[in-house]
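User: I would like to go through this model before setting anything up. Could we begin with the overall picture and then turn to local details?

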Amino acid sequence: MTITWQGHSCFLLEQDGFRVVIDPYTRVPGYPALELEAHAVFCSHGHYDHNYTDAVKLLPKVESPFSVEEVASFHDGEEGALRGANTIRVLAAGGVRVCHLGDLGHPLSKEQLAAIGECDAVLVPVGGTYTVDAAGAKAVCDALKPKIVVPMHYRHAPYGLEKLSGVEDFLRLWPASAVRRLPGSSFTYLPKENSGTDAPVVLVPKYPA
């Protein structure tokens with residue numbers, strides 16, 4: 001599976017020619033307008049920086065290799081009282097399971113962890129203010145125990161919401177040997193990759209590529 005960070009919390013997942021976009025955005029400072037093509041689009045919640053489906057041109061309908069599981073969660077630590085609901089999605093194809101946490105705003109419960117199950121890669125918000133902060137994101141990753149962690153939803157000037165923290169606070173919580181800064185925005189994940197080690201690898205895609 002090929003995973004491409006499109007900035008903010010938006011990712012393009014590709015398997016066998018099938019393209020899935022998650023959380024397309026608009027009006028996020030610094031980022032140019034998105035112009036994507038995909039067979040399917042998913043949004044974790046209804047905020048403008050996660051649900052701008054107009055940025056995605058839908059391709060002709062074909063059979064999808066992806067299975068999609070949804071887990072209900074909240075955008076804040078008060079059961080949605082501040083910012084509403086958030087949908088976690090686990091997309092699986094080609095023997096790879098990817099969990100996109102959306103704008104998760106709280107620790108995961110035992111029930112939510114069980115519903116998510118084992119994941120190869122977790123796409124996790126780390127910028128705080130509107131979601132879990134760096135420490136909260138690390139705790140979520142520790143609970144999920146993925147093989148790959150990809151931070152998202154953070155400020156890297158001139159890109160990103162101004163109230164968000166940068167990614168460095170999150171990266172400092174991991175051993176330096178676990179952090180890999182990618183030369184571009186994409187990476188390809190193969191089944192069983194990174195098996196044989198208990199420690200996740202933190203991949204930091206580059207934007208712009």
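This is a predicted model: local features need pLDDT of at least 70, side-chain atom pairs count only at pLDDT 80 or more; totals for chains, interfaces and linings use all residues.

User: How many helices and strands are in the protein?

Analyst: The protein contains three helices and 14 strands. Its radius of gyration is 16 Å, close to the 17 Å that the globule rule gives for 209 residues, so the protein is as compact as a globular protein of that length.

User: And what does the C-alpha trace span along its principal axes?

Analyst: The C-alpha trace spans about 40 × 40 × 35 Å along those axes.

User: What percentage of the residues count as buried?

Analyst: Of the 209 residues, 53% count as buried. The accessible surface of the protein comes to about 9600 Å², and carbon and sulfur atoms account for 51% of that area.

User: What share of the contacts comes from residues 24 or more positions apart?

Analyst: Among contacts with a separation of 6 or more, 56% are between residues 24 or more positions apart.

User: Changing topic: how many disulfides does the structure hold?

Analyst: The structure holds zero disulfides.

User: Then which cysteine sulfur is closest to that of C141?

Analyst: For C141 the closest cysteine sulfur is again in C99, and the distance of 9.4 Å is too far for a bond. C141 is buried, with a relative accessible area of 1%.

User: Let us turn to the backbone. Which residue is joined to P158 by a cis peptide bond?

Analyst: A157 is the partner: the peptide bond from A157 to P158 is cis, with omega near 5°. P158 is placed in the loop between β11 and α3, the latter covering residues 168-171.

User: Which residue is joined to P208 by a cis peptide bond?

Analyst: Y207 and P208 are joined by a cis peptide bond, with omega about -5°. P208 belongs to the segment after β14, a strand covering 201-204.

User: What is phi at D16, and where does D16 lie?

Analyst: D16 has a positive phi, near 55°, and is not a glycine. D16 sits in the loop between β2 (11-15) and β3 (18-22). With 68% relative accessibility, D16 counts as exposed.

User: What about phi at E79?

Analyst: E79 has a positive phi of about 55° and is not a glycine either. The loop between β7 (67-74) and β8 (85-93) holds E79.

User: Staying with β8, where does A85 lie, and which residues does A85 touch?

Analyst: A85 is in strand β8. Not counting residues up to four places away in sequence, A85 touches H45, S73, F74 and H75. A85 counts as exposed, at 55% relative accessibility.

User: How far is A85 from Y154?

Analyst: These two residues are 69 residues apart in sequence, and their C-alpha atoms are 20 Å apart in space.

User: And K145: where is it, and is it buried or exposed?

Analyst: K145 lies in the loop between α2 (134-144) and β11 (148-152). Its relative accessibility is 63%, so K145 counts as exposed. K145 and P200 are 55 residues apart in sequence, with a C-alpha to C-alpha distance of 7.2 Å.

Definitions and conventions: Residues are numbered from 1 along each chain as its sequence is written. Side-chain values use heavy atoms; hydrogens and water are left out. Helices (H or I, at least four residues) and strands (E, at least two) are DSSP runs, numbered from the N terminus. The radius of gyration is taken over C-alpha atoms; the globule rule is 2.2 Å times the number of residues to the power 0.38. Buried means under 20% relative accessible area, exposed over 50%, partly exposed in between (1.4 Å probe, protein chains only). Contact means heavy atoms within 4.5 Å. Accessible areas come from the Shrake-Rupley method with a 1.4 Å probe; for residues, only the protein chains shown count as cover. A disulfide is a pair of cysteine sulfur atoms within 2.5 Å.
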